[in-house]
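I set down what I looked up, entry by entry.

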Amino acid sequence: MNDIHEIADSEITPPAFYDNRRNFLRAGVVAGSVIATGSLYRWLNPVRLVGSAGTHVVPIQPSDESAEELLAKGWRVDETMTAETSILNYNNFYEFTTQKEAVAAAAANFKTDGWQLVVDGLVNKPRSFSIDDLHSISRPQERVYRMRCVEAWSMVIPWAGIPLAHLLEAVEPMPQAKFLAFETLFDPVRMPGQKARVLEWPYIEGLRLDEAMHPLALLATGLYSKMLPPQDGAPLRLVVPWKYGFKGIKSIVRISLVAEQPKTSWNRFAPDEYGFLANVNPTVDHPRWSQATEQRIGESGRRETLMFNGYEQQVAGLYSGLDLRHDF
Ligand code: MTE
């Protein structure tokens, strides 16, 4: 079975806020199999599953490269894609709720019409972009990437999006620009989770400029060939598949080119637990759990976590000379 019912709450160790629920679960209310745990949670908290990302299709540019070329570049992985229902119903998006299985319902009415992305700071051509503007800079490409959450679960997701490098070329970074600072929408009416101070809002993230220019770094506007649904970060989110999932900031409204390393939400929340680089690394454990293995959603056993999430060949050069034992 390859659907949401295989998602195992007890297998997945979420960041700080889930501890209460985990303690509750651990207290003996639930014993037995992992699958039973997930089912009990859903029985106690009935939610209607979203079956599809909708009907708005992303205009994907067909690739003229061979399967081998796409695999070698890391633009595709040769692994079973995670079921669309799982991608749509198991989310981290604290602007709506901290309950993974409830994000889809909580975000269902999030409207993104007229969305503008501002790109500013140390660039020669600052400007704002609609989603159509982004698609006209670069026709969306399909990228089938692994996604590894810092909580030790993973998926394989067919994204659609534009290389971040193409957007950067359009705004022309100045020589002093060394980092990108990303910002999610701040609007507690449309994102009611922002009324609670679970994190400092807006959610912020960052990349080094050379990381952002890497051909694997994607600004995703779709998944499973359809426009990105609210729970996955509509209308625009970052995808950097060699890094932990929290770097993949959702519903982006601003990208500023800056000279200094920007602050990031999870690092500000727990500096000893979530770093800036946050490259997937099976040899550096989270202070509260191992990163050596992961639960691929839809599978029963655990998998070994891969260095740089399996993208070592493509990205290791970005970090040569760095001591990655301190990268978490
Ligand atoms: N972006 C914003 N704005 N808010 C969030 O809570 N959660 C992050 C990341 N981006 C988050 C976010 C985390 S912890 C993960 S693992 C991924 O989104 C989850 O993406 P998904 O729900 O599409 O699987």
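Predicted model: local features only at pLDDT ≥ 70, side-chain atom pairs only at ≥ 80, totals over all residues.

Entry 1, the second largest pocket. I began here and noted a space of about 220 Å³ in the second largest pocket.

By class, I recorded 15 nonpolar, eleven polar and three charged residues for the lining of the largest pocket.

Entry 3, the cavities. How many cavities of 30 Å³ or more does the structure hold? I found three. I took the largest cavity to begin with and noted about 380 Å³ of space in it. I recorded 27 lining residues for the largest cavity, with Asn92, Tyr203, Gly245, Phe246 and Lys250 nearest its centre. Which element gives the largest share of this lining? I found that strand β4, residues 153-163, contributes four residues, which is the largest share. The class division that I wrote down for the lining of the largest cavity is 17 nonpolar, five polar and five charged.

I then looked up the second largest cavity and noted about 100 Å³ of space. Its lining has 13 residues, and I listed Met147, Val239, Val240, Lys243 and Gly245 as those nearest its centre. I found that β3 (141-148) and β9 (237-239) are the elements giving two or more residues to this lining. By class, I counted seven nonpolar, two polar and four charged residues in the lining of the second largest cavity.

Where does the ligand sit? I located it in the largest cavity. I noted 17 residues around the ligand, and the closest are Tyr94, Glu95, Asp232, Gly248 and Lys250. Lys250 is also among the residues nearest the centre of the largest cavity. I recorded the classes of the shell as eight nonpolar, five polar and four charged.

I then looked up individual atom pairs. A polar backbone atom of tyrosine 94 lies 2.8 Å from an oxygen atom of the ligand. For lysine 250, I noted a distance of 2.7 Å between an N or O atom of the side chain and a ligand oxygen atom. A nitrogen atom of the ligand is 3.0 Å from a polar side-chain atom of threonine 184. I also recorded that the protein covers 99% of the 540 Å² of accessible area that the ligand has on its own.

I found a cis peptide bond from tryptophan 201 to proline 202, with omega near -5 degrees. I placed proline 202 in the loop between β5 (179-184) and β6 (204-208). A cis peptide bond also joins alanine 234 and proline 235, with omega about -5 degrees. I placed proline 235 in the loop between β8 (226-227) and β9. Lastly, I noted that alanine 152, although not a glycine, has a positive phi of about 80 degrees. Alanine 152 lies in the loop between β3 and β4.

Note on methods
Residues numbered from 1 in each chain as written. Heavy atoms only, no water. Near = heavy atom within 4 Å. Polar contact = N/O pair within 3.5 Å; in protein donor to acceptor, adjacent residues only side chain to side chain. Areas by Shrake-Rupley, 256 points an atom, 1.4 Å probe, with all protein chains shown as cover. 1 Å grid on protein atoms, 1.4 Å probe; cavity = no way out; pocket = protein on both sides within 12 Å on 5 of 7 lines; lining within 4 Å. Sits in = over half its atoms within 2 Å of the grid points. Nonpolar A, V, L, I, M, F, W, Y, C, P; charged D, E, K, R; others polar. Points joined across faces, edges and corners; volume = space filled by probe spheres on them.
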